[in-house]
Amino acid sequence: MPAAGPEGPYDHATGAPVPSAPDAVTRLADSHDLIEVRGARENNLCDVSVDIPKRRLTVFTGVSGSGKSSLVFGTIAAESQRLFNETYTSFVQSFMPSVGRPDVDALRNLSAAIVVDQERMGANSRSTVGTATDAYTMLRIVFSRLGEPYVGPSHHFGFNNAEGMCPRCEGIGRISDIDVDQVVDRSKSLREGAITVPGFAVDSWQWQVMADSGFYDPDKKVADFTEAELADLLHKPTTKIKVGSSNLTYEGLVPRIHRSFLSKDREAMQAHIRAFVDRAVVFGECPECAGARLNRAALDCRIGGLNIAECAALQINDLAAFVHKLDAPSVAPLLSNLGQLLDSLVEIGLGYLSLDRTSSTLSGGESQRVKMVRHLGSPLADVTYVFDEPTTGLHPHDIQRMNGLLLRLRDKGNTVLVVEHKPEVISIADHVVDLGPGAGTEGGVIGYAGDVTGLRSSPTLTGRHLGHRAALRDAVRRPTGHVPIENATLHNLKNVSVDVPLGVLTVVTGVAGSGKSSLVHGYLSGREGVVVADQSPIRGSRRSNPATYTGLLNSVRTAFAKANGVKAALFSANSEGACPACNGAGLIYTDLAMMAGVTTVCEKCEGKRYTPEVLTYKLRGKNISEVLDMPVKEAYDFFPSGQAHAVLGRLADVGLGYLRLGQPLNTLSGGERQRLKLAIHMAEKASTYVLDEPTTGLHLADVDKLLALLDRLVDGGNSVIVIEHHLAVMAHADWIVDIGPGGGHDGGEVVFTGTPRQLVSEGDTLTAHHLRTYVNGG
C-alpha cells in the first residue's frame, strides 16, 4: 500500500507520487496563504504577532507614529529584501543597500518584496521621466528606425551619449555663467576688499596670491583695470608665479569658482558658500541646442514633422496619441510597448508630465507613481508590493484611479500592502490592520485586524473616525485684506489673476498638475512676511534630531549644567561629553569593503552617546541620555516652564508629541518634517503661513487637531494659505481657490473662487463634485 506523504501518496519502490484526481490532492504549498509575523519588536512594536493574507490588498492604518511603517517597511519588507539579497555573492552584495535584520522572532511565508516609496528620484539633472521609465529609450529606437533623414543607431539620439549630446552644454540643455558683479566689487581695489568670493578676505592666503601676483595693482580700483588686467583677475588659467622666494600657483577667479565650488554637490556645501553660488552663478538655456540637449544631426531627424526633443517635450497624453497614430510594421511590437507604457502613465494620473521633465523636480507622490508604472505591465506575479501613502499629492478624483491600479496589481495574484490614512483607500481593502492605540510608546499594538465592515464597528480610533465628516462652517471669517496675483504665467498658468484673501484660512486645490504649486510658491512664497513650511528634506547629518534642530538642546544643556555645577559643553554629544568610541553617534558604522557595511550599537556607551561620567549627572532624577529618549509629550511635563516648555508645547501642538527628542531627523516622513518646520516658525512673528499638503501622513483623528491648530493661527491674526486635497480641510476653510479644470495644459486656470458652501451649492468642477459628495455623507 502506498505511503502518505505531506504532498499526497507516493510509491515506496520508486519514490514517485501516485496519480490521483487533481481536486482530491491538498498540497502543502497550497496552505501558504498567510504571511505570519511573530514577535515583532522593531522600534515601538510591542511583540506584535499578526497574520496577513497573501494575494489580497491589505491596508495598514493608525495614528502617526503608531508603528505602521515599523511593521510593514521595517519588518516585513526589510526581511524579505535582506533574505533576497543574501542569495547573491558577497561581491554583488557590496553594491546593494545594507538592510539590517529586523527585531522579530519569526516571519513565515514571505515572498519577494518590491517597495514603491516616496523617496525623491535623485538630483541628477541627466535623469528625466523618460529615462527613468525607459520611455525615452524606446523613443530613441523608434527614431533610429523611422526618422528622416537617417542619423544612426539609437545612441545617436541620447543626450547622455557622446554621439548624441549637444557639444556646447554636453547634454544638460543649460549652461552656467558667472555674474562678474557678484564676484568683484568694481568700485573697490583688492586691498579695499573688491573680491567677494568666500575665502578671499583681505590678507587671507588666497588674497595674498592674487594681490602679490604682479598682474595688476592691488591699490587700483577694479573699475579702472585695463582689459588685460581684468582678464587676468577673472579668467587667467592656472599659472606658476614667483612671489619673493616662493613658487606659487595663480588662477583667475572664474576658473577657481568652477573648480572649487561648481564641481561640488550644492547640497554638500556650507551655507555661506551655497548662498554665494546661488547669487553668483546664472543658469541659462544653451544657445546652441535651445535647451533640447541634442546635437544638430539628432534634432534635424523627424517623424511626422517632430524631432525627438519635441516629442519628449509633449505632454505624455499628447505623446501617447502621437505614438498610437504611427503605423510601421518594422517596429510594431516596440510601438505597442511604448504606447502601453505611455497609456499607463496617463492612467496613473501623470499624463500632464513630459518625458523631458527632470526627475529631481517631481514631488514624492509623483516619484512614487513613476516607479509604480514599471510594475503595472510586469509579468511578475505572486510578489509583495509595498506602498507608502500612494495617494499623497492626489486630488479625490485621482485617488479613484489609484485605487483601480492597486486592485489591478492584486488581481494579477500579488500581495499588496499599503500604509494609508485616506478612507477612500481603506474602503477598498480586503483586509485592514489597525495599529495603536496611540503613538510612540503608547502605540505598537494591533488594535484590529479584519475586514472593513468590522473596522467600522470596532472601538479603535480609526473605526470611530472612518465615517467622520468635517462640517462646512456656519459663518466664515471675513478677510482683512487681499494679496493680488496678476497675470501669472509660470509653468502651465494661463495669465492667471486672482486675489488671495488675508486674515482667513484659504485652501488652494485642484487635480494633480493643475498649477496649484506654481501659483502659490511662484507668486506668494517669496513675499515679505510669508513663512513657508513644506515637506522638503531637512539639511543635517545623521546626528541631527528634533532637540538640535529646534534649538531645544541648548535649553536642556543649560538646565543640566546649572543643576550639576558643570559646563554645558559636557552635555553635547558633538563636544566634550561624547563617547570616544563612537564620537557621540551611539552607533558604529563599519565599512566591510567587498561586503555590505554594518551598523552596530556602540558597545562602550550602549548607544547612549555620552561618557559614563556625563551620565552620572542628573536633572530631576534623569540623565541626559534618558531625557533625549523621552517623547515630546513626556518631556513637556518634565520641563514645566521656560523656553524648553514653550518649544515642546509647539511640537505637541503640531501633532508631534510622540517623537523622541533624540530621534534622527533622517527617520522623519515628509509630513513630520513639515510639521517640525511649522513648530519652529510658530515662534516667529509671521503674518502669512504657506503650508503644502500638511495632512500628509496624518490619521483621520489627527486631521481634526491640525484644523484646530490652523484655526488658532488665523484667530491669532495670521493668514494661512494651504495647498491641499483633503476634503476635510476644504470643508473647514473660509475661502477656496480651485485650479483646473485638468492637469498640464488642460489646467492653469482659476475655475472657482469663493466659500466652500458656495462651491458645494454652485460649483461645477471636479473638486465641487467630490466636496458635495463628502459633506452629504457619501
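Keep in mind that the model is predicted. It holds 35 salt bridges and zero disulfides.

**Salt bridges**

- Side chains of opposite charge can pair when their charged atoms come close.
- D33 and R55 do this at 2.6 Å, N to O. The two sit in distant parts of the chain, 22 residues apart: D33 is in the loop between β2 (8-10) and β3 (34-40), and R55 is in the loop between β4 (48-53) and β5 (57-61).
- D33 counts as partly exposed because its relative accessibility is 37%, and R55 is partly exposed with 25%.
- R296 and D300 pair up at 3.5 Å, N to O.
- R296 is partly exposed at 49% relative accessible area, and D300 is partly exposed at 39%.
- R712 and D653 bring their closest N and O atoms to 2.9 Å. That pair ties helix α26 (R712) to helix α24 (D653) across 59 residues.
- Both ends are partly exposed, R712 with a relative accessible area of 45% and D653 with 33%.
- There's also a network of salt bridges linking R473, R477, D711, D715 and D734.

**Cysteines**

- A disulfide would need the sulfur atoms within 2.5 Å.
- C605 is buried at 5% relative accessibility, whereas C46 is partly exposed at 43%.

**Helix α25**

- Helix α25 (residues 670-681) has 12 residues, so at 1.5 Å a residue it should span 16 Å; the end C-alpha atoms are 17 Å apart, which agrees.
- The helix is mostly covered, with 11 of its 12 residues buried. Among them are G670, R673, L676, L678 and H681.
- The cover includes β19 (530-533), α19 (546-549), α24 (642-653), β22 (688-692) and α26 (700-715).

**L615**

- L615 belongs to helix α21 (residues 612-615) and counts as buried, since its relative accessibility is 16% and the cut-off is under 20%.
- Setting aside neighbours within four places in sequence, L615 touches K608, Y610, N623, I624 and S625.
- L570 is 45 residues from L615 in sequence, and their C-alpha atoms are 9.9 Å apart.

**Nonpolar surface patch**

- F84, Y88, F91, V92 and F95 make a nonpolar surface patch of about 520 Å².
- F84 lies in helix α1 (residues 68-85) and is partly exposed, at 43% relative accessibility.

Definitions and conventions:
Residues are numbered from 1 along each chain as its sequence is written. This is a predicted model: local features need pLDDT of at least 70, side-chain atom pairs count only at pLDDT 80 or more; totals for chains, interfaces and linings use all residues. Side-chain values use heavy atoms; hydrogens and water are left out. Helices (H or I, at least four residues) and strands (E, at least two) are DSSP runs, numbered from the N terminus. The expected span of a helix is 1.5 Å times one less than its number of residues. Buried means under 20% relative accessible area, exposed over 50%, partly exposed in between (1.4 Å probe, protein chains only). Contact means heavy atoms within 4.5 Å. Patches are made of residues with over 30% relative accessible area and no salt bridge: like charges are joined within 9 Å, nonpolar side chains (Val, Leu, Ile, Met, Phe, Trp, Tyr) within 5 Å. Accessible areas come from the Shrake-Rupley method with a 1.4 Å probe; for residues, only the protein chains shown count as cover. A salt bridge is a side-chain nitrogen of Lys or Arg within 4 Å of a carboxyl oxygen of Asp or Glu.
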